[in-house]
Amino acid sequence: MTVIMIFLIILALLVLFAMVGYNNLIRMKNQVDNAWAQVDVQLKRRHDLIPNLVETVKGYAAHERETLEAVIAARSAATSAKSIKERARAESGLEAVLGRLFALSENYPDLKANSNFLALQEELTSTENKVGFARQFYNDSVMKYNNMVSVIPTNIIASIFNFRTADYFETESQSEREAPAVKF
Amino acid sequence: MWEQIRANKRKSAILVFSMGVLLGVLGFFLGGMFIGRGGAWIGAGTAIIFCSLMAVISLYGGREIMLGISAAKKISLEDNPRLFHIVEEMSLAAGIGTVPDVYIIDDASPNAFATGKDPKHSAIAVTTGLLEQMNRAELQGVVGHEMGHIVNRDTLFLTITGVMLGSIVIIADIGFRSMIWGSIFGRRSRYSGRNRNANQTQAFFMMVGLILMILSPVLAQIIYFSVSRKREYLADASSALFTRYPEGLASALEKISHNSKRLRVATRVTAPSYIVNPLRVGKPKAGLSLLSTHPPTERRIRILRSMGGRVSFKDYERAFSGVMGGKTLNMAGKVYAKESALNTDASIRKKKSVLFAKKNGSDSKETTSTEQMSGVTPDRDFQTDLDDNVARRREVSDMMWRINDFEFNKCDCGSVLKIPPGYPESEVICPRCGKVHHLKTAGK
């Protein structure tokens with residue numbers, strides 16, 4: 001009798017453990033999905049701001065056509081990319097080209113005084129920050145989720161129910177990986 | 001972080017419960033003394049109902065009460081895009097779904113507070129002094145700190161505490177005043193036989209008032225003891241984690257600590273919610289740290305600056321032990337403390353795309369696209385610091401004019417005329433170029 005009792009208790013504990021593990025995995029996966037949705041929202045915002053930016057710059061710096069066209073091309077590449085890795089690559093391309101555009105704007109004081117351009121600058125700075133922070137939160141969530149999927153007790157449950165590790169949203173620019181230089 | 005959330009919820013429940021018990025006992029005795037048979041239970045019952053009412057009010061209305069006490073005005077995106085954007089950015093970094101409401105307090109003293117019962121119903125208020133003096137990175141640090149309070153549910157506990165205990169202080173005040181007035185007018189009727197009941201009620205209120213008067217400073221001290229300073233360190237750590245840039249908050253705290261103006265709307269009840277103690281400005285007096293609501297600002301700055309390039313909770317704890325000579329903070333908590341190893345390198349910050357190079361001579365080599373991406377933080381305005389300050393002050397005062405319904409008239413010479421509502425003339429002359437402007441709203 002007691003053997004059966006012990007067996008049942010152990011079984012109950014295992015089921016409990018499985019339940020808790022499964023629930024945590026689901027919760028974490030939902031957080032990852034939600035975080036990705038946020039990243040998506042911010043990326044779309046960035047894409048939507050660009051046409052307006054291009055028009056404003058065109059008004060003052062029409063002969064920077066090369067850069068402007070590069071911006072438009074990078075934007076369509078970014079909007080059409082599909083997988084997370086592809087999108088990461090496209091987005092870093094877009095970031096690089098936008099950087100060039102703003103560097104160029106330094107040479108056009110009329111453009112810099114334009115209130116529309118200034119408002120756009122604040123919008124874009126904020127959007128870039130938001131993309132960064134959304135990405136940060138997404139990557140943090142992915143790390144926690146991947147830990148859960150790989151760590152020993154829960155990885156059994158993960159493999160039973162087919163939870164897979166998620167991809168990080170990393171940019172690939174080489175220079176970004178350098179250590180911060182201290183500038184005074 | 002999860003431990004802090006649970007601890008705050010627990011402390012709030014304990015506070016409400018013990019207030020209920022305390023007031024119940026008080027009501028029991030006072031009722032018994034003055035209301036006669038069965039009065040004790042009536043007294044206790046009334047007290048408990050009153051306490052529950054206060055708890056409900058502080059839970060659902062507490063946010064508005066705190067904001068009202070602080071004369072905070074709600075703003076929208078158009079009023080101050082920079083502040084609004086920063087709050088949005090921090091909401092993303094903290095991973096809370098909704099963006100807290102943003103409020104402004106018109107005061108030159110730089111400070112900020114957060115309130116609300118949970119992230120979905122929260123608000124952040126910032127003084128105009130803070131907006132004028134901080135650059136974007138510093139503002140981000142401060143807002144990140146407030147966001148940390150919201151996420152850790154410090155705001156829940158402080159809002160409930162503030163309103164409940166604050167209300168007892170007010171009642172004590174009323175009791176005190178009615179005692180004084182009562183004794184002035186009551187003297188005449190003391191010897192009239194008819195007024196024995198009136199005297200009894202009077203004496204009853206006197207007793208309540210007296211007891212509450214004695215209680216309320218004790219209660220205020222209790223607030224200060226139970227409100228641990230640890231929550232400020234945890235909010236600092238949260239800010240560093242969210243922004244990945246502890247120097248922003250450190251620099252902001254440094255600027256705030258140089259402030260010498262007391263915040264006008266701050267009271268003892270709302271003081272714990274602010275980022276820096278608004279009631280004690282300038283150099284702190286020694287020996288009062290146990291009774292104060294905030295840890296010394298200088299210590300907070302030192303801890304933030306000794307975090308090195310890493311920004312997780314574990315690194316904050318390490319920096320804390322370093323500065324405090326071995327004492328630990330104990331906050332990383334639970335199973336997923338391993339999360340502290342995540343993305344901690346401050347160089348992550350540069351991954352956020354950089355669009356503007358700092359405008360000074362030495363940066364000329366940084367204007368190629370890839371180098372521009374790596375060298376500079378995105379939050380530095382690209383004017384010189386002086387232009388920066390002027391631009392910020394103008395931005396803030398323009399926002400205040402707009403909120404107060406001033407009429408903006410742009411002149412061709414470039415200056416902008418801001419006319420107060422109710423201005424009696426219908427025309428105004430630009431002081432710079434002499435052009436005459438016809439006013440649309442003001443004027444008869």
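How many bridges join strand 1 of chain B to strand 2 of chain B? Three bridges do so, and the two strands run antiparallel. Strand 1 covers residues 72–74. Strands (E, at least two residues) and helices (H or I, at least four) are DSSP runs, numbered from the N terminus. Two strands pair if DSSP finds at least two bridges between them. The model is predicted: local features need pLDDT of at least 70, side-chain atom pairs count only at pLDDT 80 or more, and totals for chains, interfaces and linings use all residues. Residues are numbered from 1 along each chain as its sequence is written, chains are lettered from A and ligands numbered from 1 in the order in which they are written, and side-chain values use heavy atoms, with hydrogens and water left out.

Chain B contains 14 helices and eight strands. Of its 444 residues, 49% count as buried. Buried means under 20% relative accessible area, exposed over 50%, and partly exposed in between (1.4 Å probe, protein chains only). Chain B exposes about 21,200 Å², of which carbon and sulfur atoms supply 61%. Accessible areas come from the Shrake-Rupley method with a 1.4 Å probe; for residues, only the protein chains shown count as cover. Contact means heavy atoms within 4.5 Å. Among contacts in chain B between residues at least 6 apart in sequence, 63% join residues at least 24 apart.

The strand pairings of chain B can be followed in turn. A72(B) stands opposite I105(B) in strand 2. Strand 2 (residues 101–105) is mostly covered, with four of its five residues buried. Strand 2 also pairs with strand 4 of chain B, in the parallel sense, over five bridges. There, the bridge partner of Y103(B) is A125(B) in strand 4. Strand 4 (residues 123–127) pairs with strand 3 of chain B in the antiparallel sense, over four bridges. A112(B) stands opposite V126(B) in strand 4. In a regular strand, side chains alternate between the two faces of the sheet. In strand 3 (residues 112–115), A112(B) and A114(B) point one way, F113(B) and T115(B) the other, and all are buried.

Helix 3 of chain B spans residues 62–69. Its buried residues are G62(B), R63(B), M66(B) and L67(B). Just after helix 3, A71(B) takes a positive phi of about 50 degrees.

The largest nonpolar core has 72 residues. Such a core is a set of buried Ala, Val, Leu, Ile, Met, Phe, Trp, Tyr and Cys residues joined through side-chain atoms within 4.5 Å. L25(A), Y138(A) and L131(B) are among those with the most contacts inside it. Helix 5 (residues 115–150) of chain A gives the largest share of this core, nine residues. Another core, of 22 residues, lies apart from it and includes I50(A), L94(A), L101(A) and L111(A). L131(B) touches residues including N80(B), L83(B), V126(B) and M399(B), not counting residues up to four places away in sequence.

Two further residues other than glycine have positive phi. N162(A) has phi near 65 degrees and lies in the segment after helix 6 (152–160) of chain A. At 54% relative accessibility, N162(A) counts as exposed. R153(B) has a positive phi of about 65 degrees. R153(B) lies in the loop between helix 6 (136–151) and helix 7 (154–189) of chain B and is buried, with a relative accessible area of 16%.
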